[in-house]
Amino acid sequence: MINNQISEIAQRLRGLREAVDYSADEMAKKTGIATDLYLEYESGNVDIPMNYLCSVADVFNMDTAVLINGDETHAQTFFVTRKGGGVIVERTKAYKYRNLAGGFRNANATPFLVSVEPKEGDITLNSHPGQEFNLVESGRMLLKIDGKEIILEEGDSVYFDATKPHGMKALDGRRAHFLAIIL
């Protein structure tokens, strides 16, 4: 079952499209996905990848946080996120994102603390414009980038071309936590 937060994000996505008077085809083309997939995201019945929300925000020169939580950002000089704080986006049961710069207006990068639950099966791959940096804080994870598999341990980091298909999963039957910065 899709959670209420995804439904609310989908409503904001649809509202944004309607506000600029784009068809679903135009919106899909501007954000680099198929129209059918865009309509699924807008329906609120499927998970909307964080990297897609970042792409939408880039296209419309807005803060990703506005799409996530519906609030306009205001901080222009600095924004502090205290321990345990930040806007939480629970995409699926396997992934939980905590936006660490959600209140900073026009941030050039989007930093997230990400929790990945262990699960069996294939890794779901995503791609998005720009680059990404990941630093493992705890646990171990398997990162797949452009067909290559890399095991990352606590303290390991990776910087990569985010246009290449990538995804991860926690290893050893325990949750992994990492810092992800999307540039």
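The exercises below, each with a worked solution, concern a predicted model.

**Exercise 1**

Task: Decide whether Ser 115 is buried or exposed, and find which side chain it makes a polar contact with.

Solution: 
- Begin with the location: Ser 115 belongs to strand 3, which covers residues 110-116.
- A residue is called buried under 20% relative accessible area. Ser 115 has a relative accessibility of 14%, so it counts as buried.
- Its side chain makes a polar contact with the side chain of His 177, at 2.9 Å.
- Turn to the strand as a whole: six of the seven residues of strand 3 are buried, so the strand is largely enclosed by the rest of the structure.
- Strand 3 is joined by seven bridges to strand 9 (residues 176-182), and the two run antiparallel. One of the residues to look at is Phe 112, whose bridge partner in strand 9 is Ala 180.

**Exercise 2**

Task: Classify the pair formed by the rings of Tyr 41 and Tyr 52, and state which helices the two residues lie in.

Solution: 
- A pair of aromatic rings is described by the distance of the centres and the angle of the planes.
- The count of aromatic pairs is one. In this pair, the ring centres of Tyr 41 and Tyr 52 are 4.9 Å apart and the planes meet at 50°.
- Planes under 30 degrees apart count as stacked and those over 60 as edge-to-face, with the rest tilted. The pair of Tyr 41 and Tyr 52 is therefore tilted.
- Tyr 41 lies in helix 3 (residues 35-43) and Tyr 52 in helix 4 (residues 50-59), so the pair ties together parts eleven residues apart in sequence.
- Both Tyr 41 and Tyr 52 are buried.

**Exercise 3**

Task: Describe how helix 1 and helix 3 are oriented to each other, and which residues make the contact.

Solution: 
- Helix 1 (residues 4-19) packs against helix 3 at an angle of about 120°, and the axes are 7 Å apart.
- Helix 1 and helix 3 are therefore oblique to each other.
- On helix 1 the contact is made by Ala 10, Leu 13, Arg 14 and Arg 17. On helix 3 it is made by Tyr 38, Tyr 41, Glu 42 and Ser 43.

**Exercise 4**

Solution: 
- Five bridges join strand 5 (residues 141-145) to strand 8. Lys 144 stands opposite Gly 167 in strand 8.

Notes
Residues are numbered from 1 along each chain as its sequence is written. This is a predicted model: local features need pLDDT of at least 70, side-chain atom pairs count only at pLDDT 80 or more; totals for chains, interfaces and linings use all residues. Side-chain values use heavy atoms; hydrogens and water are left out. Helices (H or I, at least four residues) and strands (E, at least two) are DSSP runs, numbered from the N terminus. Buried means under 20% relative accessible area, exposed over 50%, partly exposed in between (1.4 Å probe, protein chains only). A polar contact is a pair of N or O atoms within 3.5 Å; within protein, one must be able to donate a hydrogen and the other to accept it, and residues adjacent in sequence count only if both atoms are side-chain atoms. Rings of Phe, Tyr and Trp (its six-membered ring) pair if their centres lie within 6.5 Å; planes under 30 degrees apart count as stacked, over 60 as edge-to-face and the rest as tilted. Two strands pair if DSSP finds at least two bridges between them. Axes are lines fitted to C-alpha atoms, for helices over the stretch in contact, and angles run from 0 to 180 degrees between N-to-C directions. Angles under 35 degrees count as roughly parallel, over 145 as roughly antiparallel, 65 to 115 as roughly perpendicular and the rest as oblique. Contact means heavy atoms within 4.5 Å.
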